[in-house]
Amino acid sequence: MSVLTAPIDVEKIRAQFPVLHQLVNGKPLVYFDNAATNQKPQRVIDALTHYYQHDNANIHRGIHTLAERATKAYEATRLSMQNFIHARHSEEIIFTRGVTESINLVAASYGRTFLHAGDEVIISGLEHHSNIVPWQLICEERKARIKVIPVTESGELDLDAYRKLLTGKPKVVAVNHASNSLGTINPVKEIIKLAHEAGAVVLIDGAQASAHLPIDVQELDCDFYCISSHKMFGPTGTGILYGKRELLEKMPPYMGGGEMIKEVTFTKTTYNDLPYKFEAGTPNIGDVVALNEAVNFINELGKDNIVAYEHELLVYAVEKLSAIKGVKLIGTAKKKVSVQSFAIEGIHHFDIGQMLDTRGIAVRTGHHCTQPLMDRLGIEGTVRASFSVYNTKAEIDQLAEGVERIIKFLK
Amino acid sequence: MSINQIQDEIIGEFSLLDGDMEMTVFYIMELGQKLPAMREVDKTEDNVVKGCQSKVWLTARLENGGIVFEADSNTAITKGLVSLLVRIFNHQKPEAILNAELYFMNKIGMERFIGTQRSNGFAAMIKQMKLYAFAFKTQTELAR
């Protein structure tokens, strides 16, 4: 549960992130690449080293003390993640390598079982490649078809077009909660409700939501929800798939190996119960254990406080960037997480990114793994500044100043 | 001037910037702006050296035993880097280009652009220039 505490004290938060306190190219680091991955507070780093220094053991089957400690710590994160997204049951939380693996798991396991020739899968024009390609792979295999919800000029989904697509009775709808390239927050509750009325199951890619938006999978009523640890202050290489228990029970295992079995003979193997059925092999124990501290970090700040503070940063960034002559904001949806893409006429985004880096400012440039979206907008790429709860308005001033210098030099 | 003499000359020019990264990048872009314009008809898909975020066009011809390169890029920084390569390699013999060891990048603080073929066409361009050199060398030897 998110706990409402005092509003954000950014200096106190920054003090917890050792990586932020360094010079890059002789200038204090300004880290605005949070949509790609955000930085880790000391407590997450400490949890990871503590695990390897004191508790490291293989989980679930060991009978010794360390194995018990490691298992307890690993399962504690499952409970934290259950609470974090308000899942009904802990066995609905499956640890994966992150969103990409979670989507691949659903596409392969659910898709192979329930998709048939001629069936339709709906995705949106705002999707990251990782919510496009797994569906293309399974649709090719099952002779199913992909339909795409179009995107408007401001970067919002065209819901009227979506309603029309639903008349084709799709089997699956897969969209993101928030767009990584543009920041658009999609009306996922409505999208899910409409999909269910049409008889489809819904997967939500929550990569850009986990650190920035409240998540309640029961209220949303989504069937699957995917999260990456590294985008919510946790370690890389882990994340979760949430799935409704009744659906996960109907799905065959995605990978075979240790842990996921009940009994193995050479003629027949019976599978373990949820969630272990989908956790073949030794999982990424240390990173899962450390993820728990990331959840604690977010809960202690309070999601509502984070949302309010980051919105303030976004509004400020929009104000500063749009005041610069020559800057074009890309992605102007009414509801957005703290991501702002932009372009400068006549200057390539690669040059802007490189020049900002010389001033210690880290942004991302390019197509952000959303090439179909870039095609839709008629651009090759953007410069993307994405903010986190440890960023400040003074840093946004530095970004604006850097952009102004580039324009002055190149024009 | 030999390839290494030109590299040393470039290192000398950049040393005046005192390792200031912003000034270094500004200077590189300024050099790019001075690169003789490439004919639009030469900017074909065949002449593209592709990187993930920037494009480079490159042509080469043999003139009096030396190779003449013409190049352009759609990004200002890559164009500047490309102009340095053109300055170093133009009118050099194919053999000299093939055997050249490029060390100026490290000395001017631009080593990050080497080996990051994914983000810019620069590393790919060096390879392409050497391929041209190899082709011209073989051609000349066969003609003998």
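Predicted model: local features only at pLDDT ≥ 70, side-chain atom pairs only at ≥ 80, totals over all residues.

User: Okay, what volume does the second largest pocket have?

Analyst: About 410 Å³.

User: And how many residues line the second largest pocket, and which lie nearest its centre?

Analyst: The lining has 22 residues, and nearest the centre are Lys328(A), Ile330(A), Ala343(A), Ile379(A) and Gly381(A).

User: Which element gives the most to that lining?

Analyst: Strand 13 of chain A, with 3 residues. That strand covers 327-330, and along with strand 14 (339-344) and helix 12 (349-358) of chain A, each supplying at least two lining residues.

User: How many of the lining residues are nonpolar, polar or charged?

Analyst: There are 9 nonpolar, 9 polar and 4 charged residues in the lining of this pocket.

User: Switching topic: where is Asp55(A) found?

Analyst: Asp55(A) sits in helix 2 of chain A, which spans residues 42-55.

User: Buried or exposed?

Analyst: Asp55(A) has a relative accessible area of 10%, so it counts as buried, the cut-off being under 20%.

User: What does the side chain of Asp55(A) make a polar contact with?

Analyst: With the side chain of Arg69(A), at 2.8 Å.

User: Which residues is Asp55(A) in contact with, leaving aside neighbours within four places in sequence?

Analyst: Arg69(A) again, plus His50(A), Leu66(A) and Ala70(A).

Note on methods. Residues numbered from 1 in each chain as written. Chains lettered and ligands numbered in written order. Heavy atoms only, no water. 1 Å grid on protein atoms, 1.4 Å probe; cavity = no way out; pocket = protein on both sides within 12 Å on 5 of 7 lines; lining within 4 Å. Points joined across faces, edges and corners; volume = space filled by probe spheres on them. Helix = DSSP H or I, 4+ residues; strand = E, 2+ residues; numbered from the N terminus. Nonpolar A, V, L, I, M, F, W, Y, C, P; charged D, E, K, R; others polar. Buried < 20%, exposed > 50% of the residue type's maximum accessible area, 1.4 Å probe, protein only. Polar contact = N/O pair within 3.5 Å; in protein donor to acceptor, adjacent residues only side chain to side chain. Contact = heavy atoms within 4.5 Å.
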